[in-house]
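Let's take a walk through this structure together. Have the sequence and the 3D view ready, and follow along one spot at a time.

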Amino acid sequence: MQVAVLIVAAGRGTRAAMGPAAPKQYRMLGGQPVLARSVTAYAAHPRVGAIQVVIHPDDRALYEASLAGLPGPLRPPVAGGATRQDSVRAGLHALLSAAPDAVLIHDAARPLVGADVIDRVIGALEHNDGAIAALPLADTLKRSGLDGTIAATVPREGLWRAQTPQGFRFAKILAAHDAAHKAGRGDFTDDAAIAEWAGLQVALVPGSERNLKLTDQEDFALAERLIESQSSPGEQRTGTGFDVHRFKDGDHVWLCGVRISHDRGLEGHSDADVGLHALTDAILGAIADGDIGQHFPPTDQRWAGAASHLFLRDAAARVTKRGGKIINVDVTLLCEAPKISPHRDTMRSTLADVLQIDINRVSVKATTTEGLGFTGRREGIAAMASATVLLPQCNPSS
Ligand code: MG
């Protein structure tokens, strides 16, 4: 299904505008014009094939300035009419040459529409003439009398608040708009009302409170807060680690928490698990909290022969203590032998277990060094690792 988007930005609404004349869709929101945010929400969606914006004829310069350099399948803007209904009809006719199967009609003043809402509307169009994002009414409804006191309580069962996008089969909504125009009906407040008038079947799918319509100053303030909470979930940091252990006599090695039979062992104060040591240092590096030797000195008899997953668990706990979480880890083992690949998935699940993260966030790789250097001469094993963690936003001194 070819999906086009029609963004209605022809309104003159200046109630929320900062400047004397700039309509709200061109006002800045979180460092970006409102219209640019609305366009980007759709340009970033994989199902959207064409975007048509309808603007007021006087706003051409504002439009160009707002969307300059924006990537995406944006068509040249068209001028709207005297009413929203006229503007949508102009946009639909402009989209005729794109010949989409479906069109999502969206108000530019809803810049925080999410991919989830867009998905739901497109999904419902598979089986309906139309589908709109909407929210069931949560508040009790009152009808006021002439004196400003309550005249009646209105039952709210089955009542929804309509949002946009409102999606339709393209040919059907175009025909409905043309028929309404021909019939001299210019009083519809949204496209679903026109579809309803034309006898189309329109589904209600859940919208989102986040998908708010910017009307007044308070809406802009709320939208700014929503953007801020979304855009700064924390701070991402990366650390790296490296470790080497020398071979000695023995019949097994520990690598990434897995015991592997081998004709040599690895020398070290603990179990000499070079993979776990490198990874522990990577995590400590990501949170700038020293290194493994500082927290578990080899001179300390407590760590003699210790299982190295203790060290890794301690590093992970230091991340948790800071309110952070580990995003992913990646370990590379450098050796000629033993062969790592048969143990790779056991290593990954062992690390995932110790770190308490999903196995898809854990990578273990291995390489030889082509017979070169100390690993090539089979004198020992080296390991390197990286770890990325997400920390809560903190001030520079902490
Ligand atoms: Mg070590």
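**Around threonine 164**

Leaving aside residues up to four places away in sequence, threonine 164 touches Arg84, Ile105, His106, Asp107, Arg110, Ala133 and Asn211, where contact means heavy atoms within 4.5 Å. Before going further: this is a predicted model, in which local features need pLDDT of at least 70 and side-chain atom pairs count only at pLDDT 80 or more, while totals for chains, interfaces and linings use all residues. Residues are numbered from 1 along each chain as its sequence is written, and side-chain values use heavy atoms, with hydrogens and water left out.

Back to threonine 164, which sits in strand β10 (residues 160–169); strands are DSSP runs (E, at least two residues) and helices are too (H or I, at least four), numbered from the N terminus. Is threonine 164 buried or exposed? Threonine 164 is buried, at a relative accessible area of 3% (buried means under 20%, exposed over 50%, partly exposed in between, using a 1.4 Å probe and protein chains only). Its side chain also reaches the backbone nitrogen of aspartate 107, at 3.1 Å.

Now look for the magnesium ion. Its protein donors are Asp243 (OD), His245 (NE2) and His277 (ND1), 2.1 to 2.3 Å away from the ion. Donors here are N, O and S atoms within 2.8 Å of the metal (3.2 Å for Na, K and Ca), and water is not among the atoms, so sites may look incomplete. Along the sequence, the donor residues follow the spacing D-x1-H-x31-H. Aspartate 243 belongs to strand β12 (residues 235–249) and histidine 277 to helix α8 (residues 274–286), so this pair ties together parts 34 residues apart in sequence. Both aspartate 243 and histidine 277 are buried.

Histidine 277 turns up again in the second largest pocket: 13 residues line this pocket, and Ser270, His277, Ile292, Phe296 and Pro298 lie nearest its centre. A pocket is an open set of points on a 1 Å grid over the protein atoms alone, where a 1.4 Å probe fits, with protein on both sides within 12 Å along at least five of seven lines; lining residues have an atom within 4 Å of a point. Strand β12 gives the largest share of this lining, three residues.

Finally, the largest pocket has 18 lining residues, with Val8, Ala10, Gly11, Arg12 and Arg84 nearest its centre. Arg84 is also one of the residues that threonine 164 touches. Both β1 (3–9) and α3 (84–95) supply at least two residues of the lining of the largest pocket.

Conventions. Polar contact = N/O pair within 3.5 Å; in protein donor to acceptor, adjacent residues only side chain to side chain.
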